[in-house]
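Please open the structure in your viewer and keep the selection panel at hand. We will go from one selection to the next, and at each stop the text says what to look for.

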Amino acid sequence: MSIDIVDLLEDFAGLAATAVALLAAYRSLTIGKSLVTRVYRTRAYWLAALMIIFVAFALAGESSSAVATDISNNLFYVFLIALLVFIDSNVAAAKEIDFFHKDILHWHVLRIPLLAIVVASSVIVAVVSAAFPAFTNSLLYDIVVIAYFTLLGVVFSYSGAAMIVIARRTYDRTMKKFIKMLGFAILCYVLFLTLFIPLDFIYPRLGDVVTTFIAIAAAYFFYRAAMSLSPIGRVLEEVV
Amino acid sequence: MVSTGVPSLDNVLGGEGYPDRSAILVEGPPGIGKEVLCYWFVRSGLVQGDYCLYATHRPVLDVVRDMKGVGITTERVPEWISSTGSNIKLDLRDPTSISVNIKQSVHSNKNRRVRVATDLLSPLLVLNAVELMYNFWLQLLSDLKQQDCVTFALAEEGMHAPNVLTTMEQVFDGVIEMRLYEEGLSITPLFRIKKMLGLPPLHGYFRFSVSSTGMEVTPRVH
């Protein structure tokens, strides 16, 4: 019986995360279409693209076919690389609108090495997993995966810290709120990455449920980030 | 009257545009398109042979690139006051020098009609006390009006507390607010005219769209 509840919870959480991510993608696209300035419009379209990858990743993961599982696995790598590039573009945008053009945690020096580390490690893990299926059952593979997720945790924690610094420094309240929400979404992502492996070892089914709920939180913060790109008012119907 | 540079907005404002010797404030969140209204205002002045002064906290090249992006090119160029790429240098930490530079430039062209466009209101408000800035703009705008000048200023809604913007609105003769509005599931950019010298209160909202061929304003029908 408890297994059924876990199943139900997981299905519900997966559906909710996908729905929130879809709404975030839709809102981002409509807001992006309405904005004139390139810096803000690009933020909206980036967010929409990320959410579409997120939804495709979630939907492909739900399928039982081997092809869909492969697609889902590859979309995971695409998502995290896209997320890092998006973070980089946000740092650049924040610098562009900052009157005094301050550096943020030496990001301009570290951005290329960080991206190279994430891309290289993702490619290695993806290729090894696909080319040597037997190796995936070995202890060495487990160590490689733990090292990979730890690396991702470190890189995205640093990225999250950069977002927090931007949010604290920028004078632009819109950008401040947007970056703050994005920072929370990234923190959820770091939590997801750091909890996924240990929970997967201890109790895989519970791990799936917990991480899917974290995915809901991440999708929600991405949605809030989209909605904070521009204050949205309600039309007051006046009597003329 | 001074054309806004957007014929459909001129119609909304009674057919001819902004009042003579006035100061217009356009407020709204970043990215909504305030600058585009400003660019068309400057372009209209350049085409008509007015002296146009553009005081900006952004590099001149960025502004020019932005103008081209919305389809604005003219043979004439405005006089620039900027920290990068202009003859008259801008120092955001020195409001007095900004005021002196603007007034000197305007005064040296006193035989022509003058248009001043600026996005300095928000950065100056961030760096200085509200009371100081209220007096600064009150004095500057008053002096500019005496020189037959129409001033067009931009304010970033997200950078100031609402009461600060309301305070600054008092200094201006016309206030236009631009922002996104939720209409069902869709989100639409609208603007409303909060006040305009010489016009009765204008109720309702107006839709606007920006493309590389121009800006279009239409009343919102509900």
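This is a predicted model: local features need pLDDT of at least 70, side-chain atom pairs count only at pLDDT 80 or more; totals for chains, interfaces and linings use all residues.

Residues are numbered from 1 along each chain as its sequence is written, and chains are lettered from A and ligands numbered from 1 in the order in which they are written.

**Colour by confidence.** The value to colour by is pLDDT, the predictor's confidence in each residue, from 0 to 100. Chain A averages 83, with 93% of its residues scoring at least 70, and chain B averages 91, with 100% of its residues at that score. Within chain A, the lowest mean confidence, 80, belongs to H6(A), and the highest, 89, to H2(A). For the model there are also an ipTM of 0.76 and a pTM of 0.80.

**Select residues 107-131 of chain A.** This is helix H4; helices (H or I, at least four residues) and strands (E, at least two) are DSSP runs, numbered from the N terminus. The expected span of a helix is 1.5 Å times one less than its number of residues, so the 25 residues of H4 should span 36 Å, and the 35 Å between its end C-alpha atoms agrees. Trp107(A), Leu114(A), Val118(A) and Val125(A) are buried in H4(A); a residue is buried if 20 or more other C-beta atoms lie within 10 Å of its own, exposed if 12 or fewer, and partly exposed in between, with C-beta atoms placed from the backbone.

**Move to residues 139-169 of chain A.** Helix H5, with 31 residues, reaches 45 Å from its first C-alpha to its last, close to the 45 Å expected. Its buried residues include Phe149(A), Leu152(A), Phe156(A) and Met163(A). An α-helix has 3.6 residues a turn, so residues three or four places apart point the same way.

**Find Ala219(A).** Along with Ala185(A) and Phe222(A), Ala219(A) touches the most other members of the largest nonpolar core, which has 130 residues; such a core is a set of buried Ala, Val, Leu, Ile, Met, Phe, Trp, Tyr and Cys residues joined through C-beta atoms within 7 Å. H6(A) gives this core its largest share, 14 residues. Beyond its neighbours within four places in sequence, Ala219(A) is in contact with residues including Ala17(A), Val20(A) and Phe54(A), where contact requires C-beta atoms, placed from the backbone, to lie within 7 Å.

**Show both chains.** Here 23 residues of chain A are in contact with 28 residues of chain B. Helices H1 (2-34), H2 (38-62) and H6 (173-202) and strand S1 (232-234) of chain A each supply at least two residues of the side that touches chain B. S1(A) pairs in the parallel sense with strand S7 (residues 174-183) of chain B over three bridges, pairing being at least two bridges found by DSSP, and Ile232(A) stands opposite Leu180(B).

**Finish in chain B.** Six bridges join S9(B) to strand S10 (residues 214-219), and the two run antiparallel, forming a hairpin with two residues between them. Across that pair, Val210(B) has Met215(B) as its bridge partner. Met215(B) is also one of the residues in contact with Val6(B), which is buried, with 23 other C-beta atoms within 10 Å.

Methods:
Two residues are in contact if their C-beta atoms, placed from the backbone, lie within 7 Å.
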